[in-house]
Amino acid sequence: MDVFEHERRPLRARDLCLALRLPLMPKHVEGTRAKLKRRVSLGFLDETEAGLFAQPGPHAPTGPADQQS
């Protein structure tokens, strides 16, 4: 979760593995993706697009429909 606060942008599982200095082997990337999906289901993260994870709230990017003029 600290990586998301530091980066302040949505991350993919591969990006998170790089930030955590894990080997970029499929087993590590897929395991990280599964953990991220679990955190989405628990409400700790949002999946803004398929495979793109962000913290909910002010750090999540807003789309044009969410912006007020």
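V29, T32 and L36 are the buried residues examined in helix 3; buried means under 20% relative accessible area, exposed over 50%, and partly exposed in between, with a 1.4 Å probe and protein chains only. Helices (H or I, at least four residues) and strands (E, at least two) are DSSP runs, numbered from the N terminus. The model is predicted: local features need pLDDT of at least 70, side-chain atom pairs count only at pLDDT 80 or more, and totals for chains, interfaces and linings use all residues. Residues are numbered from 1 along each chain as its sequence is written, and side-chain values use heavy atoms, without hydrogens and water.

Seen down the axis of helix 3, the buried residues fall within an arc of 65°, so they line one face of the helix. The arc is that of the directions from the helix axis to the C-beta atoms. An α-helix has 3.6 residues a turn, so residues three or four places apart point the same way. On the other side of helix 3, P26, K27 and S41 are exposed. The length of helix 3 agrees with expectation: at 1.5 Å a residue, its 16 residues should span 22 Å, and its end C-alpha atoms are 22 Å apart. The expected span is 1.5 Å times one less than the number of residues.

T32 lies in helix 3. Its relative accessible area is 9%, so T32 counts as buried. Leaving aside neighbours within four places in sequence, T32 is in contact (heavy atoms within 4.5 Å) with A13, L16, C17 and L22.

The largest nonpolar core has eight residues: L11, A13, L16, C17, V29, L36, L45 and F53. Such a core is a set of buried Ala, Val, Leu, Ile, Met, Phe, Trp, Tyr and Cys residues joined through side-chain atoms within 4.5 Å. Helix 2 (13-19) and helix 3 (26-41) each supply at least two residues of this core. The largest share, three residues, comes from helix 2.

R21 lies in the loop between helix 2 and helix 3. Most residues other than glycine have a negative phi. R21 counts as exposed because its relative accessibility is 78%.

G43 is found in the loop between helix 3 and strand 1 (46-49). At 48% relative accessibility, G43 counts as partly exposed. G43 and Q55 are 12 residues apart in sequence; their C-alpha atoms are 9.2 Å apart in space.
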